[in-house]
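Look at the sequence and the model together before reading on. The paragraphs below go from the inside of the chain to its surface and then to its backbone.

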Amino acid sequence: LNTEEGIIYDNTNSTLTKSGVQQEDILVSGVSQDNDGNTWIATSSNRPLQKVDATGTWQAYSFGISASERPMDIKLNNIGQVWMQLSHTNSGGILVFNPATEKSRYLTSTNGKLPSTKVTDFEFAKDDEVWIGTENGLAFFPFFSGITEDLSIEASRPVIDNQFLFEFEIISAIEIDAGNRKWVGTKDGLWLFEDNPDKLLQNLNVDNSPIPSNNIIDLKINPHSGELFISTDKGLVSFRGDATRGENFHHEVKIFPNPVLPGYTGLVGISGL
């Protein structure tokens, strides 16, 4: 349970500790788990990253950067890197930590070439990329695997029609579906781009869809069904997408429409792969 007065974990009724003393006034801004069963916790403190392993042993990390003491969110990628989005009121940016090497890197507009240090959201893509939304548009790092060791890895900005995509626009949310396509939420609606975002597939707004407002707050995809949940400042709506996550084995494979008749020109959907 993640609360504004600390964290209660497992079923041991234990709370987050600091310097060996039980604390109930530490702001917990995010919790994530790695493939080894370790739970990583972002806290507003001078040791902003905490790890608790399967035995209940705690370990705290500090980074010597005041900006790191106010994390807003935490996410882990498929190689175990810890990424923390940092508060706009405390310099902003992103802090990346590699537990395997215990190296970290602080990403900003000057160190990493983010469009802005005011990061609003970020998501990991299937091809070793991380996509980052800011208050000045969109950017991505093409190789997140070595980002803490190779300081030459910097952010790139997608370009459409010789302009940076969403330059000077606030990106409020990013989601990446099972087809590695990018859903981008702004204050002017919702946008879907192809795997390589040089092609716009859809733009949903109040004029062409049932979304209650163009002001997108957050996005979340159910990877099994492809359903995208869209949070706006006037309520929640979902959109049935057409990209679903493949499993490790075939199970109850379905094809629709079935049969596919001669002359049919629409999409053919296949699930259960």
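What follows is a short walk through cores, a surface patch and some backbone features.

This is a predicted model, in which local features need pLDDT of at least 70 and side-chain atom pairs count only at pLDDT 80 or more, while totals for chains, interfaces and linings use all residues. Residues are numbered from 1 along each chain as its sequence is written, and side-chain values use heavy atoms, with hydrogens and water left out.

Begin with the inside. A nonpolar core is a set of buried Ala, Val, Leu, Ile, Met, Phe, Trp, Tyr and Cys residues joined through side-chain atoms within 4.5 Å. Buried means under 20% relative accessible area, exposed means over 50%, and partly exposed lies in between (1.4 Å probe, protein chains only). The largest nonpolar core has 16 residues, and the members touching the most others are Trp83, Ile94, Leu107, Val130, Ile132 and Phe141. Two or more residues each come from strands S12 (94–98), S14 (119–124), S15 (130–134) and S16 (137–141). S14 gives the largest share, three residues. Strands (E, at least two residues) and helices (H or I, at least four) are DSSP runs, numbered from the N terminus.

Leu107 shows what such packing looks like. Leaving aside residues up to four places away in sequence, Leu107 touches Trp83, Gly93, Ile94, Val96, Gly112, Leu114, Phe141 and Ile147; contact here means heavy atoms within 4.5 Å. Apart from this core lies another, of 14 residues, including Leu49, Ala67, Met84 and Leu86.

Now turn to the surface. Val253, Ile255, Val260, Tyr264, Val268, Ile270 and Leu273 form a nonpolar patch with about 580 Å² of accessible area together. One of these residues, Ile255, lies in strand S26 (residues 254–256). Ile255 counts as partly exposed because its relative accessibility is 42%.

The backbone comes last. Most residues other than glycine have a negative phi, and most peptide bonds are trans. Where are the exceptions? A cis peptide bond joins Phe256 and Pro257, with omega about -5°, and another cis peptide bond joins Asn258 and Pro259, with omega about 10°. Pro257 is in the loop between S26 and strand S27 (269–271), and Pro259 is also in the loop between S26 and S27.

Asp161, not a glycine, has a positive phi of about 55°. Asn162, not a glycine either, has a positive phi of about 65°. Asp161 is placed in the loop between strands S17 (159–160) and S18 (163–164). Asp161 counts as exposed because its relative accessibility is 69%, and Asn162 counts as exposed at 79%.

Definitions and conventions
Patch = residues over 30% accessible without salt bridge, like charges linked within 9 Å, V, L, I, M, F, W, Y side chains within 5 Å. Areas by Shrake-Rupley, 256 points an atom, 1.4 Å probe, with all protein chains shown as cover. Salt bridge = Lys/Arg side-chain N within 4 Å of Asp/Glu carboxyl O.
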